[in-house]
Amino acid sequence: RRVHGVTIDESDSVLVACEDGVFCWEITSFAPKVDVNVLPTVELKIPTKEEPCFDGLAKISDQLVAVKCVEEGRIFVFDFVKEVRRKIRNNVSVTKINIAVDLAWQKTDEIYINIAARPGLAAVVCGDNNGGIWVYDLREPYLTKFNTKCKLDPIKILDWPECSVGNDDNEQTDRLNDGFKNPVVNACDISSDGSCICAVTDNNLVCIWTYVSPNDVE
């Protein structure tokens with residue numbers, strides 16, 4: 001069992017996604033120095049088509065949150081302030097979430113492929129079960145216009161590359177590529193300036209992609 005959590009600083013809240021659902025705790029309701037189990041302030045009901053099993057969660061901003069459910073073939077983005085924070089103030093314990101943006105993603109039953117976001121860039125990245133990394137751009141108009149639900153495709157899918165060995169050992173390079181084609185990319189993240197993406201695969205590789213400007217390509 002895996003649990004993914006993020007903090008929403010401006011709302012003093014902790015948001016958690018797991019195999020049982022998505023839950024939110026309001027930190028201000030915690031009693032200091034009391035060792036007790038604290039029930040969630042509110043449970044979030046995400047409108048999934050499949051049996052809910054959430055294996056990815058990321059904070060895009062203090063307003064936007066992304067969550068991923070196994071086998072859905074999409075990543076859900078919702079407005080935390082509108083859908084959760086206001087419900088907490090009204091003492092609602094369970095709330096149905098209206099999705100603001102659907103991010104198109106790989107349709108797979110592979111579990112434990114997490115998502116990541118870089119708030120300063122309004123960027124979301126997610127691996128898949130074929131060695132790919134899906135990159136999304138949620139800058140304007142997606143951050144402010146929630147009058148209608150919209151769907152968004154990735155701006156780029158990075159395919160699994162041919163790997164090489166630094167010492168020009170062709171035999172070792174061949175063994176590397178034969179044994180590590182199209183792995184599951186379980187987790188990835190993007191640097192604060194957007195120049196690098198780091199990913200971890202299910203075959204124990206740590207991979208780094210670096211952005212190269214078209215002007216620098218010979």
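User: Hi! What should I know about the model before we start?
Analyst: It is a predicted model, where local features need pLDDT of at least 70, side-chain atom pairs count only at pLDDT 80 or more, and totals for chains, interfaces and linings use all residues. Residues are numbered from 1 along each chain as its sequence is written, and side-chain values use heavy atoms, with hydrogens and water left out.

User: Thanks! What is the strand order in the open sheet of four strands?
Analyst: The order is S10-S11-S12-S14, with antiparallel pairing. Strands are DSSP runs of E with at least two residues, numbered from the N terminus, and two strands pair if DSSP finds at least two bridges between them.

User: Which strands stand at the edges?
Analyst: Those are S10 (115-118) and S14 (156-158); each has a single partner strand, so one side of each is left without a neighbour in the sheet.

User: How many bridges link S11 and S12?
Analyst: Five bridges join S11 (residues 123-127) to S12 (residues 133-137), in the antiparallel sense. Val125 stands opposite Val135 in S12, and Ala123 has Asp137 as its bridge partner. The two strands form a hairpin with five residues between them, and Gly131 in the turn has a positive phi of about 85°.

User: And what about S12 and S14?
Analyst: They pair in the antiparallel sense over three bridges. Trp134 has Ile157 in S14 as its bridge partner.

User: Is S12 buried or exposed?
Analyst: Five of the five residues of S12 are buried, so S12 is largely enclosed by the rest of the structure. Buried means under 20% relative accessible area, with a 1.4 Å probe and protein chains only. Ile133, Val135 and Asp137 point one way, while Trp134 and Tyr136 point the other way.

User: What does the side chain of Asp137 contact?
Analyst: The side chain of Asp137 makes a polar contact with the side chain of Arg139 at 2.6 Å. A polar contact is a pair of N or O atoms within 3.5 Å; within protein, one must be able to donate a hydrogen and the other to accept it, and residues adjacent in sequence count only if both atoms are side-chain atoms. Asp137 has 19% relative accessibility.

User: New topic: which element gives the most to the lining of the largest pocket?
Analyst: S12 does, with three residues.

Definitions and conventions
Buried means under 20% relative accessible area, exposed over 50%, partly exposed in between (1.4 Å probe, protein chains only).
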